[in-house]
Amino acid sequence: MSTSLNELVDKAERIGVIGSPSSTSELALDILARAVGKKLVGELALFRYDQDGLPHYALGQITEVSMRNVWHEDPTMRSLIRQRGSIDTISERQDTHLGEMAISAVFAAGPNGYRPSILGTVPSTGTPICLANDEVLSELLSPYRDQLFYLGHVYGSKPLLPLWFKHFGSGPQGAGEAYHLGIFGKTGSGKSVLAKMILLAYARHPQMAILVIDPQGEFAKEVSGEAVPGGFHLPMKSVLHRLGKFAQVYGVQDLVLDQWELFARILYESPFFEQLSIPKGDNRQLAAGVLSDRLRRTKVALKELHTRESFGRAWSILGDENVQKIFYRTDGSRARFQSVYSQANEDFFFQSYWLPVTRLFREDRPKARKVESLLTGLFNLDQARRPLVVIDLSVEQATQTTNSLGPMFDEHSSQPQNIQLFWNETIQALVIKRLLEGIRTAAEYAYRQNRSLNTLVLMDEAHRLAPRENPDSDEQRTIRSILIDAARTTRKYGLGWMFISQTLSSLHREILEQLRIFFFGFGLGMGTEFKALSELVGGRSKALDLYQLFRDPHSSFDTGSREYSFMTIGPVSPLSFAGTPLFFNAFNKVEDFLKTNRLGT
């Protein structure tokens, strides 16, 4: 097997030799004269050497190229150069070009194929360095060919960068444990497109479930086959169909909330009590709580709250003086409330303030799924092909008015009403909180049964949901607390998380510390962002220098020539055993991505 690889290495383009000083962590390269004019920074290079009596192959990316001419550094020569501009026998001819190469992977060739190894010695000076190409990588990684997935090319070069995205269970192509991933980059850096490509990589595994909590609605549109802004239109719906991955998209219009505590909290946030002269505060909280409690005691079901009969009961409860004494202690306050209450138009309150809230709990809508039922179906480990579920919590989707969701009218009226759901960021946070609590409960239950969930949960806009600074509302603080706890504990349940964020510095530090796989796009090279990046990369200055060479994708002349560059760290590639950063340019053409990964027709 090594003979075939040796032939490929011999045919590869030679660019230099190992120079001095070199160490097992970073090698010095003496660049050959014929390679001086080539772009070498970012290139994937390799060399062959012997270790413990076996041929070994080491790979790494060239992180820096420098030029030195010792004669030009001499003070006397500098004086002459200042006058003449150059010296024929010294300038250019005495230049030496030096490169630095960070070793990311080493393979040993044995009787049973290639296996991972380490750079346990420093090869002698003069050892040839050549550029890796697709043929070399294909032969070297031939035992893992079925596991490989490609997001793009080696940074600034032609070879494809092999990656692998294993499911979180045991068995073939399984990692045996869950990983947490993070994708970071400025708006327009390509992180959302990269996340969608990674989702398709995981979707290849039928035994793996995927949940996308989508506050902006972008993933929901892609999975549904709708057009989204941008030049990279990934046909996720058709690809998922070809993979046999059953995709389900649920919007706010489809979700059925299933807890009385949620009803009380949402009613508190709605204009309902405000229009009855109860401002936000303790009084309104008491009013919402007691109304919810009394309705539950009178055997009103959550799913029936939208009916005129249930509203009639609620209206009567609020008109009860004994109930009013609970949330208004003084006679004057109760009198003011009673005056507003008695003059209010009951039908108007029902249509305008009651229905937008109670529709969230109504079960007789097309596609309607209770949160608990949805999560139970997602985490059903006995399914041969587990689904990909996207929950669209965007304001755009929530505020759609359509009568196709069920008859929205008083049973005494023949005219249907266009009723919007009551929705804002606080309600979105409450729904996300309910989902996260359900996920945590399911994970703990599976763990008690000694079963792995083998599930990935994607969280977009993670910096908003788990910020480093203390959030303002109780709901947001609870969400952050749950996510921090999940990042610490759910890996043992077989539950991994993918966090997408525009920033590093504003995402909670404890979540960052639990991530195993990172993707860093353009836009983290300055200020607090660069400081946070430096801490995560571990002070590898050469890698950071290479990251800072990333160009803004939107600085290109046209959309077709945009480069979406990323630095990745973690066990995401067979070419990075020691966590050394790897650099790549993501595909900027959909057809290239689909063809390379055999996802097309």
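The buried residues of helix α19 are covered by elements that include β18 (517-520), α20 (541-547) and β19 (564-569). Helix α19 spans residues 527-537, and its buried residues are Glu529, Ala532, Leu533, Ser534 and Val537. The model is predicted.

**Helix α19**

- An α-helix has 3.6 residues a turn, so residues three or four places apart point the same way.
- Among the buried residues of α19 are Glu529, Leu533 and Val537.

**The whole chain**

- The protein chain contains 21 helices and 20 strands.
- Its C-alpha trace spans about 100 × 60 × 40 Å along the principal axes.
- Of the 601 residues in the protein chain, 52% are buried.
- The accessible surface of the protein chain is about 26,700 Å², and carbon and sulfur atoms hold 48% of that surface.
- Among contacts in the protein chain with a separation of 6 or more, 75% are between residues 24 or more positions apart.

**Helices α7 and α8**

- Two packed helices are described by the angle between their axes and the distance between the axes.
- Helix α7 covers residues 260-269 and helix α8 covers residues 282-297; their axes come within 9 Å and cross at roughly 140°.
- The two helices, α7 and α8, are therefore oblique to each other.
- The crossing of α7 past α8 is right-handed.
- On the α7 side, the residues that meet α8 are Trp260, Glu261, Phe263, Ala264, Leu267 and Tyr268. On the α8 side they are Arg284, Gln285, Ala288, Leu291, Ser292, Leu295 and Arg296.
- By class, the residues of this contact between α7 and α8 are 8 nonpolar, 2 polar and 3 charged.

**Helices α7 and α12**

- Helix α7 also packs with helix α12 (residues 346-358), where the axes come within 10 Å and cross at roughly 145°.
- The crossing of α7 and α12 is right-handed.
- Phe263, Ile266 and Leu267 of α7 are in contact with Trp354, Val357 and Thr358 of α12.
- This contact of α7 with α12 has 5 nonpolar residues, 1 polar residue and no charged residues.
- Phe263 and Leu267 of α7 take part in the contact with α8 and also in the contact with α12.

**Helices α9 and α11**

- Helix α9 (residues 308-319) packs with helix α11 (residues 331-343) at an angle of about 150°, and the axes are 10 Å apart.
- Angles over 145 degrees count as roughly antiparallel, and α9 and α11 are therefore roughly antiparallel to each other.
- The crossing of α9 past α11 is left-handed.
- Trp315, Ser316, Leu318 and Gly319 from α9 meet Phe337, Gln338 and Tyr341 from α11.
- The contact of α9 with α11 has 4 nonpolar residues, 3 polar residues and no charged residues.

**Aspartate 146**

- Aspartate 146 is in the loop that runs between α3 (134-140) and β8 (148-154).
- Its relative accessibility is 59%, so aspartate 146 counts as exposed.
- Apart from neighbours within four places in sequence, aspartate 146 is in contact with Gln173 and Arg204.
- Aspartate 146 and alanine 368 are 222 residues apart along the chain, and their C-alpha atoms are separated by 39 Å.

Notes:
Residues are numbered from 1 along each chain as its sequence is written. This is a predicted model: local features need pLDDT of at least 70, side-chain atom pairs count only at pLDDT 80 or more; totals for chains, interfaces and linings use all residues. Side-chain values use heavy atoms; hydrogens and water are left out. Axes are lines fitted to C-alpha atoms, for helices over the stretch in contact, and angles run from 0 to 180 degrees between N-to-C directions. Helices (H or I, at least four residues) and strands (E, at least two) are DSSP runs, numbered from the N terminus. Angles under 35 degrees count as roughly parallel, over 145 as roughly antiparallel, 65 to 115 as roughly perpendicular and the rest as oblique. A crossing is left-handed if the near helix is turned anticlockwise from the far one by less than a right angle, and right-handed if clockwise. Contact means heavy atoms within 4.5 Å. Ala, Val, Leu, Ile, Met, Phe, Trp, Tyr, Cys and Pro count as nonpolar, Asp, Glu, Lys and Arg as charged, and the others, Gly among them, as polar. Buried means under 20% relative accessible area, exposed over 50%, partly exposed in between (1.4 Å probe, protein chains only). Accessible areas come from the Shrake-Rupley method with a 1.4 Å probe; for residues, only the protein chains shown count as cover.
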